[in-house]
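Visitor: I am new to this one. Could you walk me through how its helices pack?

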Amino acid sequence: MQRLQPTTYSTQMSAGRREAVACNDVAASVIASLIPAWQSSVMSAGHRPPTQQPPTSRASLISRQLARGYRSAENAQRRYPLKPPSMKDKPHTVSLVLGSGGARGLAHIGVIQWLTENGYVIRSIAGSSMGALVGGIYATNKLEVYAEWVLALERLHVLRLLDPTLGSPGLFKGERIINVLRQLIGDCNIEDLPIAFTAIATDLESGDEVWLRQGNLFDAIRASMATPLVFTPFLHGERLLIDGAVVNPVPIAPTLEDATDLTIVVDLSGPAAEHPLAANSGSLIRDNSYGSRIRNFLATVRPIRKPKGPSRGMMNVARVSMQAMQDTIAKLRMSNYSPDIVIDIPRNACGFFEFWKAEELIRLGRERTAHAFSRKDAVEDESRVNSMPG
């Protein structure tokens, strides 16, 4: 048998491949031309192609799609990919809505930490009250600085941040805490932030909802967190503004025109839970060695009387009433929209001023976010299975 020279062999093999490709193209053209005629003849006879049990293998599924008229295997593969698309396969952009709720708003820190650690890119934030504070600080890229500071707060530190006032429409001026934050984070304008940011406030005179998207960042935050009876109203330009939660505790509307993949809402008025936080943040007196001596001494000077019934002061009644009002408004607002994910923080997670529970609240935010995404993934998996043919 004559041995072919390498060059001759290569030439013959190339020609053979070209002939095979040409034959395949001709066969594909013939089959493609016959399919429409076959379909029309079957339909005109009043019959449908025989149905078969759905195959289980991916190759069989692709074959079925080709038989149904898909133009190429590429299109069939898009219908049945090797694995279902995962949200972690590529960075997903997020519009984040941060609700109001006093110290419970520290859970927003945990939410943001979980999102960024899992590859989500926050492109837009809208917040009311504490949501505006945490969201605005994140927009400056200083959230970790704020988190470290708030984690070091104790009850006495929180009391020192309050600046009582007399003869004003509020118990505290709110200037001391804002000045501390200006020094900690640094001052800037909203329009200079790297992401879109909207702080929600309420016009005290007209009752209108006000979107603050320009001007000094901490002025907007101070206006948005002017809780009635707690902090004095804030004069922003020519408008006297109070807490945005009065009219919109979960401001979804400012994010509706965002070109992002997901809209995520953090609602701080979620259903009450049993023991939502780990109980490891006691008072300063109980946490030191002199606690029992002080209590014993006070008991000898003035015996402790057990209250006859539940005692509620004026501020407590006002706070509970406003919370009930905000819960109702939040439900109505969210019923008008369809956010992709809602993260519920229990309304009984902590008290309004319990900022010394930062560690537990941040952990709660992370846990609730992970749970919300797991629940969404489970729903998507079930929906994907149900959409499979057969």
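Visitor: Is the crossing of α6 and α8 left-handed or right-handed?
Guide: This is a predicted model. Look at helix α6, residues 143-151, and helix α8, residues 175-185. Their crossing is right-handed.

Visitor: Which residues of α6 make the contact with α8?
Guide: On the α8 side, Ile177, Val180, Leu181, Leu184 and Ile185 take part. By class, the contact has eight nonpolar residues, no polar ones and no charged ones. The α6 side supplies Val145, Tyr146 and Trp149.

Visitor: How are α6 and α8 oriented to each other?
Guide: The axes of α6 and α8 lie 10 Å apart. The angle between the two helices is about 130°. Angles over 145 degrees would count as roughly antiparallel, and 65 to 115 as roughly perpendicular. The α6–α8 angle therefore makes α6 oblique to α8.

Visitor: And how do α5 and α9 run relative to each other?
Guide: Helix α5 covers residues 130-139, and helix α9 covers residues 217-224. They pack at about 160°, with axes 8 Å apart. The cut-off for roughly antiparallel is over 145 degrees. So α5 and α9 are roughly antiparallel.

Visitor: How many polar residues are in the contact of α5 with α9?
Guide: α5 brings Ala132, Leu133 and Gly136, while α9 brings Leu217, Ile221 and Ser224. Gly counts as polar here. The contact has four nonpolar residues and no charged ones. Its polar residues number two.

Visitor: What share of the protein chain is buried?
Guide: The chain has 12 helices and 10 strands. It runs to 390 residues. The buried share is 38%.

Terms used. Residues numbered from 1 in each chain as written. Predicted model: local features only at pLDDT ≥ 70, side-chain atom pairs only at ≥ 80, totals over all residues. Heavy atoms only, no water. Axes fitted to C-alpha atoms, helices over the stretch in contact; angles between N-to-C directions. Helix = DSSP H or I, 4+ residues; strand = E, 2+ residues; numbered from the N terminus. Parallel < 35°, antiparallel > 145°, perpendicular 65-115°, else oblique. Left-handed = near helix turned anticlockwise from the far one by under 90°. Contact = heavy atoms within 4.5 Å. Buried < 20%, exposed > 50% of the residue type's maximum accessible area, 1.4 Å probe, protein only.
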